[in-house]
Amino acid sequence: MILVTGGAGFIGSNFVLDWLARDSEAIVNLDLLTYAGNLHNLQALEGDSRHIFVRGDIGDADLVTRLLAQHQPRAVINFAAESHVDRSIHGPEEFIQTNIVGTFHLLESVRAYWNALPQAGQADFRFLHVSTDEVYGSLNKDEPAFKETHCYQPNSPYSASKAASDHLVRAYHHTYGLPVLTTNCSNNYGPYHFPEKLIPLVIHNALAGKTLPIYGDGQQIRDWLYVADHCSAIRRVLESGRLGETYNIGGWNEKANLEVVNTLCAMLDELQPRADGKSYAEQITFVKDRPGHDRRYAIDAGKIEKELGWKPAETFATGIRKTVRWYLDNQQWAQDVTSGAYRDWVQRQYVA
Ligand code: NAD
Ligand code: TYD
């Protein structure tokens, strides 16, 4: 049995679905179901006794303590977080609350549980913390990609809160001996990605005949990783990662935002052409830049490859095609998640 937090969000739900498709080991899935958590993502698991969903907060010590005592997991994987940079700019408080305070309370509950385990259980136990490359800050065009030794220089309230949580996780290993692992991953894309983030937003808006907003000059670079590759990397780190170590996970796929959006438009032109025969690229609109916008992220995923033999299976070309097809085949999912609350957000963010 493992306990996953945030398993109704984008990456967490992909992880839960992948795990249960290849393994009989059960999952307790603790998720607060914020705007970003969505039980529709887990519909395929309805009636599957290996998936136990619990709605709740990682910061609720009584609840987490009870779940740990009841299910005796051999590992906790922490995906739960507030994850959207733009939202952290509008309102940082929830980021501090969940990503820092919540992670602290989770660590405390897990530490108490781990302390009480018999020696063999203690040795086998793992706490895996899922983090981001954004903690390292921004790179210039010619700088080498982030290695695990790169100093932390977070620039947004989101990345600062994730950096703080990474430091807490590290401290619980060094101070209390908690068997932790941390992964720092680049931008993910794939199924069940909430349409507030660039790739699903562009697909969603394109099909709805809306504008495709590009912040600033669109030359900011991200290193894209297909979400199933992230899930396989996490499984590998959980299996064989060295305790107390951090592992950078990336797709070796650096792309400028404008290139990503043009690729999406070309793919949609091919798979679902506009009724008027024009390209979706005509919907591209340059908008005001994000404050403090990081120019470039790039991950050097050499350590995880050398130490643990992990490499991504997808290139950007193969992953993005799968993603576009998934959104075309699952338009009802996007309709369902773009609720009133979503429309309020879009109004606030893009109509200024
Ligand atoms: P997401 O926003 O899609 O999902 C987050 C999930 O956490 C949601 O289901 C939400 O309901 C849940 N949650 C939020 N606060 C909670 C709380 N207090 N208690 C319990 N559950 C809570 O995020 P995601 O994109 O799936 O990211 C998952 C993790 O991976 C995050 O820690 C994020 O920082 C990290 N990460 C994401 C990316 C990316 O590109 N999306 C890249 C690198 C790292
Ligand atoms: P996003 O998906 O929000 O991820 P992150 O900020 O964590 O990297 O954004 C990816 C890139 O796309 C980032 O450089 C900001 C840019 N972007 C736009 O240009 N327009 C948009 O509407 C959004 C949401 C993002």
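In this model, an oxygen atom of ligand 1 is 2.8 Å from a polar backbone atom of Asn 188. That is a polar contact, meaning a pair of N or O atoms within 3.5 Å. The protein covers 97% of the 830 Å² of accessible area that ligand 1 has on its own. Accessible areas come from the Shrake-Rupley method with a 1.4 Å probe. The model is predicted: local features need pLDDT of at least 70 and side-chain atom pairs need pLDDT 80 or more, while totals for chains, interfaces and linings use all residues. Residues are numbered from 1 along each chain as its sequence is written, chains are lettered from A and ligands numbered from 1 in written order, and side-chain values use heavy atoms, without hydrogens or water.

**Ligand 1**

- The shell around ligand 1 holds 28 residues, and the closest are Ile 11, Asp 31, Ser 83, Tyr 158 and Lys 162. A residue is near a molecule if one of its heavy atoms lies within 4 Å of it.
- Tyr 158 has a side-chain N or O atom 2.7 Å from an oxygen atom of ligand 1.
- Gly 9 uses its backbone: an N or O atom there lies 2.9 Å from an oxygen atom of ligand 1.
- At least two shell residues come from each of α1 (10-22), β5 (126-132) and α6 (157-176). Helices (H or I, at least four residues) and strands (E, at least two) are DSSP runs, numbered from the N terminus.
- β5 gives the most to this shell, with three residues.
- By class, the shell around ligand 1 has 13 nonpolar, 12 polar and three charged residues. Ala, Val, Leu, Ile, Met, Phe, Trp, Tyr, Cys and Pro count as nonpolar; Asp, Glu, Lys and Arg count as charged; the others, Gly among them, count as polar.

**Ligand 2**

- Ligand 2 is surrounded by 18 residues, and the closest are Glu 134, Arg 222, Arg 290, His 293 and Tyr 350.
- The side chain of Arg 290 has an N or O atom 2.6 Å from an oxygen atom of ligand 2.
- For the side chain of His 293, the distance from an N or O atom to an oxygen atom of ligand 2 is 2.7 Å.
- Taken alone, ligand 2 exposes 510 Å², and the protein buries 98% of that.
- α7 and β8 (212-215) are the elements that give two or more residues to this shell. The largest share, three residues, comes from β8.
- The shell around ligand 2 has eight nonpolar, five polar and five charged residues.

**Largest pocket**

- The largest pocket holds about 440 Å³ of space. On a 1 Å grid over the protein atoms alone, a pocket is an open set of points with protein on both sides within 12 Å along at least five of seven lines, and a cavity is a set where a 1.4 Å probe fits but cannot get out; lining residues have an atom within 4 Å of a point. Grid points are joined across faces, edges and corners, and a volume is the space filled by probe spheres set on the points.
- This pocket has 20 lining residues, and His 204, Asn 205, Ala 208, Lys 210 and Tyr 342 lie nearest its centre.
- α7 (198-207), α12 (331-337) and α13 (340-350) each supply at least two of the lining residues.

**Cavities**

- The structure holds three cavities of 30 Å³ or more.
- The second largest cavity has a volume of about 60 Å³.
- Its lining includes Glu 134, Arg 222, Arg 290 and His 293.

Key:
A polar contact is a pair of N or O atoms within 3.5 Å; within protein, one must be able to donate a hydrogen and the other to accept it, and residues adjacent in sequence count only if both atoms are side-chain atoms.
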